[in-house]
Structure formats: structure tokens, C-alpha cells
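Thanks for coming. I have one model to go through today, so please look at the screen.

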Amino acid sequence: MYYGEKTWEKAEQRIFQETMELALHKANLKTGDIDFMLAGDLTNQIIAANFTARGLAIPFIGLYGACSTMYEGLALGSMLIDGGFARYVLVGASSHYATAERQFRFPTEQGVQRAMSAQWTVTGAGAIVLGSQGQGPRITHATVGKVTDFGEMDASDMGAAMAPAAADTLLQHLKDTGRSPGDYDLIATGDLGKYGRQLVVKLAEQNAVALSDSYTDCGTLIFDESQDTHAGGSGCACSAVVTCGHILDQMKQGRIKRFLGIGTGALLSPCSCQQGESIPGIGHAVVIDAG
Amino acid sequence: MNSSDPFELQKREYKKMVQQVKPKPTVIKNGIMAFLVGGTICAAGQLLMNFFKARELGTQDAGLATAAVLVFLAAFLTGLGIYDEIAKYAGAGTIVPITGFANSMVAPAMEFRSEGMVFGVGARLFTIAGPVLVFGIVTAWLAGLITLVLSL
């Protein structure tokens with residue numbers, strides 16, 4: 001949890017920076033080659049991203065989309081490239097169990113019993129270098145989501161708060177592109193967890209869209225049952241790590257040709273919860289083609 | 001949320017859908033675990049109490065000594081990162097006894113040490129225990145007032 005640092009915040013920042021540097025190394029690029037860095041995390045004032053940007057010295061645009069930040073960054077980064085404003089964009093997002101826990105919930109050693117619908121914040125970071133040319137995989141579409149709020153109040157059931165936003169973006173994306181779920185080898189939402197995933201399936205069903213087994217959720221993939229995280233993973237790193245690691249790997253191996261990812265975020269703060277506000281959600285969709 | 005909310009019907013339907021999907025809290029299991037662990041802590045407290053009384057401490061002093069030992073043990077286990085692991089299964093069984101109070105002071109103290117002794121530990125020590133103290137003292141004060149009025 002400390003990763004050789006004095007505080008959890010410093011640990012998260014170091015994980016983030018090392019991930020960004022690794023992405024640059026894999027792309028065979030230097031910081032000077034990158035036109036923009038788009039990054040964010042869950043800490044107040046996105047300090048993990050800010051301090052990483054301080055270390056990398058790349059023109060930086062800080063993002064906050066809660067746990068949807070990675071996908072928000074991918075959508076914006078592709079637009080910057082598509083608009084001719086950049087040749088290379090570095091996109092990243094991070095989260096840390098302990099920094100998130102103490103900001104949004106309780107001290108980590110506090111003896112509380114978590115709800116069965118609660119999720120576990122993933123400690124990690126993901127990074128992707130977007131380029132104007134190359135062999136792919138390639139981002140072909142992006143659907144920026146609307147903030148959707150169906151009045152969910154339970155901060156220990158984020159999946160239920162975010163599911164309507166994810167479903168809304170999914171349906172909008174299919175409508176815009178004229179595609180159906182069958183056109184994708186894999187559809188994945190960011191961090192809805194076990195129960196949020198079921199809600200998206202139900203919401204899609206209501207709109208006459210059938211989601212098959214090719215629909216999964218990064219939050220259900222990242223942890224094993226034996227880790228006893230209850231509903232699954234959450235946090236910026238949840239969708240970032242699963243997308244940049246597992247899914248892009250599968251794509252490299254040729255198992256997935258066309259992927260639709262929907263990064264999901266719960267746009268709450270402890271303050272808004274305590275003041276009795278409901279929890280708004282957002283979902284950003286990005287299509288990645290292998291070729 | 002006024003009645004002209006265009007999504008009201010959708011929201012109401014969604015609420016029903018969430019209730020169907022949401023896992024039910026395991027009330028009976030939690031209750032049994034809380035009873036067992038909470039009961040064990042209290043039984044241990046009684047043993048300590050008897051032990052101190054046998055060492056010729058008065059009832060009040062024996063009570064204080066018992067509380068001190070329990071608080072120390074809870075704080076120690078919190079420091080070792082064990083208390084929250086027990087609490088995960090025991091729930092109210094570890095929150096309600098005096099050990100829960102100790103845990104709720106030590107946990108933030110450890111957590112906010114990184115922000116320094118004054119603004120970290122000092123300022124945050126009572127984040128969880130604070131409300132308990134405030135309302136506990138207010139209730140005691142009200143009870144005292146009622147007793148006073150009745151005795152007049």
C-alpha cells in the first residue's frame with residue numbers, strides 16, 4: 001500500500017508516474033514527443049495526476065470524471081488527434097484503495113462492516129499513448145455521456161447509481177452508430193460491479209436491446225471471489241487497468257477484434273452525500289478496433 | 001425533486017429494479033456473529049472485573065481497570081491491523097462495546113498521522129468518536145435534568 005513511500009498519496013503518485021513512463025517506454029517515445037497529457041484520479045484536486053504531470057513536464061490537461069476518467073481521457077485525446085491538434089497524446093488514470101477510502105469513507109483500520117453491494121477501490125494506474133498513425137489498435141468512435149441521476153442515495157451501492165448512465169450512453173452509442181451489441185466481440189463497463197452489471201442488462205432489455213455474455217464489467221473481472229470484495233472493483237484504476245492490461249492484451253492475441261468500453265463514474269462527494277443529494281453517474285464510451 | 005420531474009416515473013421504476021437486484025444484508029448471520037463476538041468481549045470484561053475485584057480493588061476501581069485493559073487491547077489490535085478484520089465478521093459485536101470506541105479513535109489517529117501531529121492526528125482524532133461523545137454527553141445531561149425535575 002505504501003510502495004516504498006511515506007504516504008499513500010505519494011505511493012499513488014509514484015505508481016501513476018511509473019505507469020506513464022512505462023507507456024512511453026513501450027511506445028518508444030520521449031516526454032518531448034508528447035503534445036498533451038490527459039490524466040486524472042480520485043484524490044481531492046487530482047493531486048496524483050498533477051504531481052505526475054509535474055514530474056513528466058508534458059503540456060497537461062487535468063481531468064476529473066471520477067472512475068470514468070480513463071475513458072474521458074481516451075475520448076478527448078482521440079478528438080485532439082482527430083482535430084489535428086496533436087500527434088501524440090498520453091492518457092492515464094489512477095486510484096489507490098487507501099487514498100480513496102479515507103477521502104470518501106472511513107479510516108482503513110476502522111472496524112466497519114461493508115455492505116454486500118459495496119465495491120473495493122483498485123490500487124493501480126493505467127496509461128495509453130494515442131498516436132495519429134501506427135498499426136493500431138485504433139479508436140474509431142467515442143460517445144460522450146450525459147450525467148444521469150435516477151435518485152439513488154446509497155453511497156455503498158455505486159453500481160446502482162452509475163448503471164442508468166452506462167445504459168444511457170450504451171443505447172445512445174448504438175443509436176448513433178446504427179450498430180447492435182452483436183457487432184462487438186466484447187462490451188465492458190468500467191466499474192459497476194456484479195449488481196450494477198445486472199441493472200444495465202435490465203435497463204437495456206427495457207429498451208429492446210439484448211446484452212449477451214459478451215457484455216462484462218471491469219469491476220467483476222479484476223478481483224477474484226476469494227478476495228471477498230463483495231460486489232467487485234471500483235476506482236479510476238479499475239477500468240484503466242483492465243482495459244490497458246487485460247483487454248488490449250486480448251486484442252493483441254487476436255481474441256477480440258472490436259471492443260466497446262464504457263468508463264463509468266459516480267459524481268459524488270462526501271459533502272454532497274451528507275447534504276442529502278442523490279448520486280449522479282456518467283458513462284463515456286470508446287470503441288477500439290484491433291486493425 | 002418536485003412533481004414536474006420528467007424522470008419521476010422512470011426513477012420510481014428504477015428504484016424497484018434496484019431493490020430486486022440489491023443483495024439483502026445478511027441480518028440473521030450478522031446478528032448471531034455480533035452476539036457471539038460482542039458477548040465474548042463482555043464475558044472477557046467480566047472475567048477481568050472479577051480478577052481485579054479478587055485483587056481487592058473496589059467495584060469502581062475494578063471497573064476502571066477493566067475498561068483500561070479492554071481499551072488497550074482494542075487499540076493494540078487496531079495498530080496491528082487485526083481489529084478491522086474481526087469487525088468485518090463481528091459488526092456491531094465489535095462496535096458497541098468500549099473496544100469499538102477505542103478502535104474509532106486509534107484508526108483515524110493512524111490514518112491522519114501523515115498530515116502531522118496537529119492538523120492530522122490532533123484535528124482528526126475525534127472524527128468518528130466525536131459525535132458519540134457529543135450526543136452521549138447531551139443525553140446524560142438531559143437525563144440528569146429530568147431526574148432533577150422529578151426529584152423536586
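I will go through the charged pairs, then one aspartate, then some backbone angles, then a surface patch.

This is a predicted model, in which local features need pLDDT of at least 70 and side-chain atom pairs count only at pLDDT 80 or more, while totals for chains, interfaces and linings use all residues. Residues are numbered from 1 along each chain as its sequence is written, chains are lettered from A and ligands numbered from 1 in the order in which they are written, and side-chain values use heavy atoms, with hydrogens and water left out.

Charged pairs to begin with. How many salt bridges does a search of the whole structure find? Over all chains there are 11, where a salt bridge is a side-chain nitrogen of Lys or Arg within 4 Å of a carboxyl oxygen of Asp or Glu.

One of them runs from B:Lys22 to A:Asp157, with 3.6 Å between the closest N and O atoms. B:Lys22 is in the loop between α1 (8–21) and α2 (27–54) of chain B, and A:Asp157 is in the loop between β6 (138–143) and α5 (158–177) of chain A, so this pair joins two chains. Helices here are DSSP runs of H or I with at least four residues, strands are runs of E with at least two, and both are numbered from the N terminus. B:Lys22 and A:Asp157 are both buried; buried means under 20% relative accessible area, exposed over 50%, and partly exposed in between, with a 1.4 Å probe and protein chains only.

Another salt bridge pairs B:Lys88 with A:Asp228 at 2.8 Å between the closest N and O atoms. Because B:Lys88 sits in helix α4 (residues 83–90) of chain B and A:Asp228 in the loop between α7 (218–222) and β9 (233–234) of chain A, this pair also joins two chains. B:Lys88 is partly exposed at 29%, and A:Asp228 is partly exposed at 31%.

In chain A, A:Glu5, A:Arg14 and A:Glu18 are linked in a salt-bridge network.

Now the aspartate. A:Asp41 is in strand β1 (residues 36–41) of chain A. What is the nearest side chain of opposite charge to A:Asp41? It is A:Arg102, 12 Å away, and the buried A:Asp41 has no salt bridge; Lys and Arg count as positive, Asp and Glu as negative, and His and the chain ends are not counted. The A:Asp41 side chain does make a polar contact of 2.4 Å with the side chain of A:Thr43, and it reaches the backbone nitrogen of A:Ala49 at 2.9 Å. A polar contact is a pair of N or O atoms within 3.5 Å; within protein, one must be able to donate a hydrogen and the other to accept it, and residues adjacent in sequence count only if both atoms are side-chain atoms.

Next, the backbone. Most residues other than glycine have a negative phi, and most peptide bonds are trans. A:Gln45 has a positive phi, near 55 degrees, and A:Ile46 has one of about 35 degrees. A:Gln45 is exposed at 64%, whereas A:Ile46 is buried at 12%. A cis peptide bond joins A:Gly136 and A:Pro137, with omega about 5 degrees.

Last, the surface. B:Leu148, in helix α8 (residues 129–151) of chain B, is exposed at 52%. B:Leu148 belongs to a nonpolar surface patch of about 800 Å², whose members include B:Phe135 and B:Trp141. Patch residues have over 30% relative accessible area and no salt bridge, with like charges joined within 9 Å and nonpolar side chains (Val, Leu, Ile, Met, Phe, Trp, Tyr) within 5 Å. Accessible areas come from the Shrake-Rupley method with a 1.4 Å probe, and for residues only the protein chains shown count as cover.
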